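This report looks at charged side-chain pairs. Keep the sequence and the model at hand.

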Number of protein chains: 2
Amino acid sequence: LSENLDGRNRPRPYAAGLDAGGSFTKGAVVDRDGRIVARLRVPSDHGATGPAIGRGLAGIVRRMLMDAGLSDDDLAGVCISAPGVVDAATQIVHSCPNLQNWDGLAVGALVASELGLPTILENDANQAAVGEHWLGAARGRANVICITLGTGIGCGLILGGRLYQGATGGAGELSHIVVAPNGRPCTCGQVGCLESYASGRAITAQALALGFDAADSPPERVFAAAQEGDPRAEAIIQEAMEWLGLALANLVNLFNPDMIVVGGGLAATGDQLLDPIRAAVWRWGRGWLADQVAIVTAELGNDAGVTGGAAIVFNAKGKDDV
Amino acid sequence: LSENLDGRNRPRPYAAGLDAGGSFTKGAVVDRDGRIVARLRVPSDHGATGPAIGRGLAGIVRRMLMDAGLSDDDLAGVCISAPGVVDAATQIVHSCPNLQNWDGLAVGALVASELGLPTILENDANQAAVGEHWLGAARGRANVICITLGTGIGCGLILGGRLYQGATGGAGELSHIVVAPNGRPCTCGQVGCLESYASGRAITAQALALGFDAADSPPERVFAAAQEGDPRAEAIIQEAMEWLGLALANLVNLFNPDMIVVGGGLAATGDQLLDPIRAAVWRWGRGWLADQVAIVTAELGNDAGVTGGAAIVFNAKGKDDV
């Protein structure tokens with residue numbers, strides 16, 4: 001029995017995508033047309049260490065297979081995203097503040113040894129970008145910048161129709177480009193990172209600094225207050241989205257993309273978020289490049305990561321360096 | 001007789017690369033191993049318009065063929081670089097301040113109609129990047145940012161082993177990324193562009209502002225004065241290279257390249273230029289990405305563009321979108 005074929009000598013028809021975040025781990029079993037045949041969402045296990053992390057993730061895959069009435073032989077493989085930096089060559093997680101026990105582990109290999117299936121580890125924003133490119137907002141687009149706006153700012157790059165990972169899998173560190181060299185301190189130890197101006201965390205920090213209650217300072221609440229006309233909230237959102245738009249204008253000048261897709265928790269605010277970004281890209285980007293780029297919200301929501309993981313399994317080109 | 005084969009049914013063994021700048025137009029006829037068998041350097045013709053531009057460039061190709069004892073049938077094609085923006089799909093030049101009569105023209109088509117040979121138009125920094133990747137400092141590297149530091153700042157991107165052009169051929173507009181949103185006015189009409197802080201033009205402007213004579217203010221002279229210990233010149237160079245290094249640190253975070261190659265007129269200053277750039281990339285780039293990147297000067301000098309042009313002709317993949 002070939003690794004890539006099932007019991008009837010067909011290409012294995014399903015893949016599993018797992019999307020592990022600081023709060024929840026989401027999983028799906030997906031067929032080659034992108035249909036989700038099983039899904040699961042469980043609290044992420046912050047207590048597990050080493051091989052137990054692999055056993056936990058393998059358990060999620062097994063439970064989904066059982067729910068769908070499938071066996072291991074039906075799966076072409078598994079792709080897991082980490083909320084941190086993944087070294088593409090060694091498949092080891094680096095810098096994973098939201099799942100600290102993953103740091104330094106080859107989590108994919110741990111899962112592979114449990115399941116006996118090919119297992120790939122990928123950065124979470126990259127996995128989501130592949131999902132939006134396969135089935136979501138970026139379908140059919142060759143050059144797409146997919147950002148994930150939440151507590152931080154994730155970024156996955158589709159260039160020439162494929163995921164671009166860079167030399168070691170670290171491309172797209174948008175959250176920590178320096179936009180204000182003498183500016184605000186960032187959680188990373190640097191000063192002036194985009195994350196300190198344009199992320200959910202930055203919006204909350206500004207809201208607290210302006211005297212918002214803790215309950216009113218989550219970024220979703222600040223967006224809502226701005227929508228209701230609170231001038232302080234409007235100013236916070238306007239400033240944050242201008243910084244993000246300035247950074248994206250620079251990315252438009254560098255990458256000349258077809259499209260920018262904004263996903264993540266805050267993308268639900270839609271035009272409230274997109275309009276100031278669009279205005280800033282128009283203001284700061286070169287005209288003939290800003291003309292080219294559609295700026296839209298993601299379409300797949302929480303399914304972007306898990307379907308992207310399946311796409312990466314099905315199509316090695318999805319994860320290769322371009 | 002096939003277009004791609006010579007009289008003896010072999011792949012045509014040579015290609016011509018032309019590199020048209022504001023002052024000079026350089027040309028070379030290059031074989032498939034990268035050997036230059038003829039070269040020419042003539043003042044650029046600012047008087048010619050329309051089809052006469054094509055005739056002038058075709059004349060350069062014909063003269064090189066005559067010098068090398070070759071005929072049109074020996075040439076696989078011609079690639080010409082413009083010192084401006086080239087629309088990859090329409091092959092029309094946009095925004096070409098240093099050869100203004102080229103603006104709006106399909107210069108490649110004009111040359112093709114003169115010579116009856118496939119002719120490609122490309123941006124000058126892209127052509128030079130392909131040259132350094134084929135035969136120069138970036139040989140064998142998959143992901144390389146090639147910058148050209150002169151009056152402005154050119155940028156060609158080799159990603160996944162190929163030239164990356166973006167959606168419409170405009171990728172790599174490094175000179176006009178905005179690094180200081182309320183900063184110095186730029187010649188492009190924007191404010192705060194990198195070009196206003198880190199280019200040869202910026203160095204000259206700062207030197208004049210500090211009271212340097214016109215004769216002492218070209219960037220090469222300011223570099224030389226800094227080398228000789230003039231503290232004002234040292235401060236100008238240090239500031240300019242810190243801005244450039246900050247921008248390159250952000251590109252390291254976004255592209256995760258193997259290598260940054262610095263070419264162009266000012267690259268001859270070597271470590272005087274590279275050391276402050278390296279320090280800034282180390283200071284501002286993410287550690288695990290800054291660790292990966294070699295920062296070196298270009299190797300091909302004035303031959304980068306013309307050999308890159310030949311490579312683009314020989315290898316369509318050299319110019320395709322990645």
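Which side chain meets B:E239 in a salt bridge? The partner is B:R184, at 3.3 Å, N to O. A salt bridge here is a side-chain nitrogen of Lys or Arg within 4 Å of a carboxyl oxygen of Asp or Glu. B:E239 lies in helix 7 (residues 231–255) of chain B and B:R184 in the loop between strand 10 (162–164) and helix 4 (195–198), so the pair ties together parts 55 residues apart in sequence. Helices (H or I, at least four residues) and strands (E, at least two) are DSSP runs, numbered from the N terminus.

This is a predicted model: local features need pLDDT of at least 70, side-chain atom pairs count only at pLDDT 80 or more, and totals for chains, interfaces and linings use all residues. Residues are numbered from 1 along each chain as its sequence is written, chains are lettered from A and ligands numbered from 1 in the order in which they are written, and side-chain values use heavy atoms, with hydrogens and water left out.

The whole structure holds 24 salt bridges over all chains. Among them is B:R39 with B:D303, at 2.5 Å, N to O. B:R39 sits in strand 3 (residues 36–43) of chain B and B:D303 in helix 10 (residues 303–314), so this pair ties together parts 264 residues apart in sequence.

In chain A, A:R139 pairs with A:E299 at 3.3 Å between the closest N and O atoms. The two residues are 160 residues apart. A:D31, A:D33 and A:R35 are linked in a salt-bridge network.

The table lists partly exposed residues (buried is under 20% relative accessible area, exposed over 50%, partly exposed in between; 1.4 Å probe, protein chains only).

| Residue | Relative accessible area |
|---|---|
| A:R139 | 47% |
| A:E299 | 49% |
| B:R39 | 48% |
| B:E239 | 31% |
| B:R184 | 21% |
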